[in-house]
Amino acid sequence: MARVLRVGVIGAGNVVERYHLPVLSAMSEVRVEWLCDRMEPRARGLAALFGVRRAFSDLEECPDVEVVLIAIPVGFRRPVLERAFRRGWHAFCEKPFAISSEEHSWILDRAKAAGVQVGVGLMRRFYPATALARHVLSHRPFGAVREVWASEGARQRGTGRDSDWYQGSVAAAGGGVLIETGVHIVDQVLFATGAEAFEVGSCAFEWGKGLDYEARALGALRLRDKAECRFGIAVSRINDLYNGIVVHFDEARMSLGLTHEGELVLTDSQERVLAQLSSAEPRRGQRSVYTAFAAEWSEFIRQCRTRVPSLVDGASAVLTTEFVEVCYKWAAVPTAES
Amino acid sequence: MRVAITGAGGQIGSFLAFSLAQRDQALDVVAVCRNVVAAGLLESAPCSVRVGSLTEPGSAQLLLGDCDAVVHCAYAAGLPGHAWAVNKAMLTRLFAIPRINRVIYLSSVAVYGKCIVNEVGSFEKPHADTGYGRAKWRSELLAIRLARRTRRRLIVWRLGHVYGSSQAMSQFIVTKARTTQFSLPFDGAMPSNAIHIHRLTNAVKVSLATESAGAWNVTDQPQQTWRQLFDWHTETLGLPRVPAMPDTLSREAKRRYLARGNGLVPWHALRRAVTVAQATGRTAVARSLPRLREFGYRMLERLPSTLESKAGAVYWSALAREAIVAATPASGVDQVEPWLLSDAMPGPYLAIGGDVDAWEAGEVSQRAELMHWFARLNSPQGAWLAAERL
């Protein structure tokens, strides 16, 4: 039986409380050894709730583990990653992986130099509709892909957060809706289509208080077989949008939902439904958001043990980081890097 | 008059802040948000925006200290104990601001429960069956006590379902209208308890100008039925008319909803839970305990063959029953949203004075807004189409 991996959690925010700790507590192949957060009372409270033995506010005091979860705002990660790599810890980073391509490369290079693995938490890759779309698109049974349209948005109806929320700071969050939420749908499109490159032809933002609240980009994707298709994406916090991805083939259309319950629907050129995958009948992928989180952890643990890149390897999200960076540069919107 | 809109980052608060600031020059609107991200929604609003916490005494004074009136839309959600502490603190701080002489507290139809049954509960003693509804009711009582203690004018509105562009109820209606299996219970004859967001804005404007105080239910006047509400949406957006659920099924849906012990009689809900557990849990438990299984097999070996066959038949029937229950989609009547079965809110209704049509271009404008909102929802290219129109 494989040795249980010791995990340290850096950051005691919402995603840790609601998803990572409940999932890690239920996984037998890992054991959470400590929580570290600059707000030690928060770390202690969360540790007590989930039966984690120790809590710290200073990373230097944390005992050695095999893996650390990096769940702090992306703008603050570089020094933390530097320390983690120096101590020989594999690092699993919550999305977004990095603010820029330069930072993304820096992380991968530092991890390689330290001989450790680095992964990215993009759990939508494990949703049934996304996984099946990737499978279908890899076989192209309906002819060439002509266009891909993706959008995700809901009018913000309350945040439930106080004035110190990190998403109010460009320096901490790296930007607004595009990097915070948009990185998920961008990655879903790139992952499902297996795109190898992209071009941004135009980009527009709606913004307020220095943050982007809506982002729209038009361009093209270069797919695995070097074919190109038109691509459009929109994300928004100020408008309700169509939530989904639509892929237009020569002979058919595929629509997929964005969540763990999202459906995948195939229609022909006459709009007749050919097939439908709903959350009640998962053939691939994970049924709930918790099992998706568990799947990404399982992938990363396997990567740490075998040293073979998995579906959540940090390098697999390079294109996603580049896309977000190109969009921000296009509109010359100030980011944490500028 | 300077009026603060708390919770201005929310779906109602943000609309009120925009609309009141744009339409009523006599009002100096201050939008109050909890954080910068919420405030960013109001970047283009023609009003001042303040960011901070309403729960800290010093902060609340800074945010509201120069205001004459407050429309309190802010509400803390989350775990009940924590949420109540925050909601209570907000109300307490608000009523401690000396200059504020008028408060409009936005409560909710939820205080009456998801499905209003007029035989259960009343205007004076509503019967909330959700954490949200109970929290709103507690907040009403607290607001009334604080208003009496501090001698402020308090208006409590039990807001019906708010619909219109960017409102959650319109999104619900559009989603249902596009769901092929959906039909409208009682052909939509039940009262919707709904209010258009523009009419709500008008009501705020009018109430701030009067000396009224008290508590009311707030809906469109006259009250619309669900059929009228659904038809308004489907006609405006070019969607097919929603079919009617037959009366027999509608009555069955309501009977089943109430029989499931939904907030009415707790022991009904417990009895049902026990029955379900018995039906589905028995064989699962037996299968999951290896020692028990082993004991069972040894016993079977000693039984006469006729009895062993009988035991097998009972076991396989139970397995089949479990599998069929698990595989059978829930009957449509079990899926009906309770507010579609609901009676009208009991008690007095706010007579919304003024004419919303005098503010807007009226019906045409409301429909145009809805179509513009729907264009974004309808396809992934919608975001670009809407931007081009702008």
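Start with A:Arg216 and A:Glu206: their side chains meet in a salt bridge, 3.5 Å from N to O. By salt bridge I mean a side-chain nitrogen of Lys or Arg within 4 Å of a carboxyl oxygen of Asp or Glu. A:Arg216 sits in strand E9 (residues 211-222) of chain A and A:Glu206 in strand E8 (residues 197-208), so the pair ties together parts 10 residues apart in sequence. Helices (H or I, at least four residues) and strands (E, at least two) are DSSP runs, numbered from the N terminus.

A word on the basis. This is a predicted model: local features need pLDDT of at least 70, side-chain atom pairs count only at pLDDT 80 or more, and totals for chains, interfaces and linings use all residues. Residues are numbered from 1 along each chain as its sequence is written, chains are lettered from A and ligands numbered from 1 in the order in which they are written, and side-chain values use heavy atoms, leaving out hydrogens and water.

Buried or partly exposed, this first pair? A:Arg216 is buried, at 9% relative accessibility. A:Glu206 is partly exposed, at 33%. The cut-offs: buried is under 20% relative accessible area, exposed is over 50%, partly exposed is in between, with a 1.4 Å probe and protein chains only.

Over all chains, the structure holds 42 salt bridges. Now chain B. B:Asp68 and B:Arg99 form one at 3.0 Å, N to O. That pair links distant parts of the chain, 31 residues apart: B:Asp68 in the loop between helix H3 (57-64) and strand E4 (69-72), B:Arg99 in the loop between helix H4 (80-95) and strand E5 (102-108). B:Asp68 is buried at 17%; B:Arg99 is partly exposed at 41%.

Next, B:Arg153 and B:Glu211, bridged at 2.9 Å, N to O. B:Arg153 is in strand E6 (residues 153-159), B:Glu211 in the loop between helix H7 (197-208) and strand E9 (214-218), 58 residues apart. There is also a network of salt bridges: B:Arg2, B:Asp28, B:Arg50 and B:Asp66.

On to the backbone. Most residues other than glycine have a negative phi, and most peptide bonds are trans. Which peptide bonds are cis here? A:Lys95 to A:Pro96, omega about -5 degrees, and B:Gln221 to B:Pro222, omega near 0 degrees. A:Pro96 is in the loop between strand E5 (90-94) and helix H4 (101-114) of chain A.

Last, positive phi. A:Lys209 has phi near 55 degrees, in the loop between E8 and E9 of chain A. B:Phe186 has a positive phi of about 55 degrees, and is buried at 18%.
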